[in-house]
Amino acid sequence: MILNRPSILTTKTTPYSSTRRPATADKRSRRTVAAMSALEARISLVFAIATQTSSRAQRLLMELASETAKYAFPNRKFESRNLEEALMSVPDLETVEFKVLRRNDDYEIREVESYYIAETTMPGKYGFDFTGASQSFNVLAEYLFGKNTKQKQMEMTTPVFTRRTQPDGEKMDMTTPVITTKDEDLGNWKMSFVMPSKYGANLPLPKESSVTIKEVPKRVVAVVAFAGFVTDQEVERRETVLRNSLKNDPEFCIKEGASVEVAQYNPPFTLPFNRRNEIALEVERKQA
């Protein structure tokens, strides 16, 4: 009897054992890795751009918030003599420096430091004509924000002045950014922006020929504050009251040839009762 021997199964080793992969598989793997690396690079780039954009957006938002806060949360730069003045607000912007010499129930006497202005002649017969004021404001704003020989963007200041002059010349009084002046002979008004003090006399020249730069000298003025919207009729009424009040001042009198100047401190969106407006007349000490 022939005994059956257990069969011996011989496994033939092939070049492609479980420990080795075909060359085509290696190529596919390398391509996958390369594809993943490119994808990761793209994703990293997207994240980097997003982060940079987010950072810029945050900076812009912070700057916008900072600028908005100047108007939304104004500083109280003036003492209040009554409820009307207590409700008035003033944006947290640079204004012309002055010192209060004396204050009473009717007006305030201020010594105002010198400052520089950029001014232009505006059309219209009235100091508060919307069309003429808007045109002049835009011309001066263009100069302030870069339409000048140095393409310099300068900061906005406050308030806005509307100023009427006598026929024999221009009287420069008071403080800050925009001043509008009337020439009684020609029926013209001049609007002026007060320049940021840090530039001094080193202001860039305007590219627009209708804009001129001037220095306003130091002077003393009598000032009355009031709220609401400004009209020519309201200015005329308050000027009359101020002139009459100053007749009884023991120390100061209205300077010869002085004309009224109106200061407006707030942007157009400010509520009427929160607006601070002022009228001013240049004064001088009485002769002993």
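This text walks through a predicted model of one protein, from its overall make-up to selected side chains. Residues are numbered from 1 along each chain as its sequence is written. Because the model is predicted, local features need pLDDT of at least 70 and side-chain atom pairs count only at pLDDT 80 or more, while totals for chains, interfaces and linings use all residues; side-chain values use heavy atoms, leaving out hydrogens and water.

The protein has four helices and 11 strands, taken as DSSP runs numbered from the N terminus (helices: H or I, at least four residues; strands: E, at least two). Of its 288 residues, 36% are buried. Buried means under 20% relative accessible area, exposed over 50%, and partly exposed in between (1.4 Å probe, protein chains only). Among contacts with a separation of 6 or more, 66% are between residues 24 or more positions apart, a contact being heavy atoms within 4.5 Å.

One aromatic pair is found, where ring centres of Phe, Tyr or Trp (its six-membered ring) must lie within 6.5 Å; planes under 30 degrees apart count as stacked, over 60 as edge-to-face and the rest as tilted. The pair is Phe 137 with Phe 193, edge-to-face, at 5.0 Å centre to centre and 65° between the planes. Phe 137 belongs to helix 3 (residues 130–144) and Phe 193 to strand 6 (residues 188–194), so the pair ties together parts that are 56 residues apart in sequence. Phe 137 is partly exposed at 32% relative accessibility, whereas Phe 193 is buried at 1%.

The structure also holds 18 salt bridges, each a side-chain nitrogen of Lys or Arg within 4 Å of a carboxyl oxygen of Asp or Glu. In one of them, Arg 110 meets Glu 108, with the closest N and O atoms 2.6 Å apart. Arg 110 is buried, at 1% relative accessible area, and Glu 108 is buried at 6%. Both belong to a network of salt bridges that also links Arg 103, Arg 276 and Glu 278. The charged end of Arg 110 also sits over the ring of Phe 98, 4.3 Å from its centre; this requires NZ of Lys or CZ of Arg within 6 Å of the ring centre and within 35 degrees of the ring normal.

Another salt bridge joins Glu 239 and Arg 243 (3.0 Å, N to O). These two residues are four apart in helix 4 (residues 232–246), which means about one helical turn separates them. Glu 239 is buried at 10%, and Arg 243 is partly exposed at 25%.
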